[in-house]
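Work through the exercises below with the sequence and the model side by side. Try each task before reading its solution.

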Amino acid sequence: GVKPGKAEVLYRQLSTHLDALHWDSTRQQWSDRSGCTDLDAEHNPRLRRHEDQFLSHFGYINLFPILTGVATDEEKVSTVLNRSRELMSGFGLRSLRRKDLKWIGSHDNYWTGPIWVNLNYLFLRALKTRYYHLPGAEPLYRRLREDLIKNIAAQYQRTGKLWENYNGTSGEGRGTAPFTGWTSLILLIMAEIY
């Protein structure tokens, strides 16, 4: 295993690389990069054309440095928190902004569009426990928490079930039901236990 001292050094190195490798200064967001491994490119040279470009979409994937609490540059965090409003649906934080949903079109939308309570919980936890002092974090926290509670309660009253995820446009329950997995996190959200 990794010894405690070495883990801390590795953590600092990876944190530094997070911004160096994944901060897209043009779009002002953390982004994954397109591309391929050297092995993939070796077998298919056409893959090199798109290598090492930031992905332009905005959704949960761009929030992970905040969701996990590892983002330390408060200016970048504030910028992404402000951008996260693009994901607000009135029912919770959708997994991908509406503009990008049009691009996805008929592709698999299991993770691209719905509201997932587990990711909303992580976002609320990060806002409340790590970034609450930043401008705009408190009202964002309050609004998102209220939207989630109201919608899940309304869907429960309507159907008698908790759902796996919720439609990003209508708030209607989707996927498996009854679903007590991560959707039960709404109880912790209601009690503000993070």
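**Exercise 1.** Which residues does Ser31 touch, not counting residues up to four places away in sequence?

*Solution.* This is a predicted model, in which local features need pLDDT of at least 70, side-chain atom pairs count only at pLDDT 80 or more, and totals for chains, interfaces and linings use all residues. Residues are numbered from 1 along each chain as its sequence is written, and side-chain values use heavy atoms, with hydrogens and water left out.

Step 1. Contact means heavy atoms within 4.5 Å.

Step 2. With that cut-off, Ser31 touches His22, Asp24, Phe54, Leu55 and Asn62.

Step 3. For Leu55, a polar atom of the Ser31 side chain lies 3.5 Å from the backbone oxygen.

**Exercise 2.** Is Ser31 buried or exposed?

*Solution.* Step 1. Buried means under 20% relative accessible area, exposed over 50%, and partly exposed in between (1.4 Å probe, protein chains only).

Step 2. Ser31 has 3% relative accessibility, so Ser31 counts as buried.

Step 3. In the whole protein chain of 194 residues, 38% are buried.

**Exercise 3.** Which residues have the most contacts inside the largest nonpolar core?

*Solution.* Step 1. A nonpolar core is a set of buried Ala, Val, Leu, Ile, Met, Phe, Trp, Tyr and Cys residues joined through side-chain atoms within 4.5 Å.

Step 2. The largest one has 38 residues, and Ile66, Leu81 and Phe123 have the most contacts inside it.

Step 3. Leaving aside neighbours within four places in sequence, Leu81 is in contact with residues including Ile66, Phe123 and Leu127.

Definitions and conventions. Polar contact = N/O pair within 3.5 Å; in protein donor to acceptor, adjacent residues only side chain to side chain.
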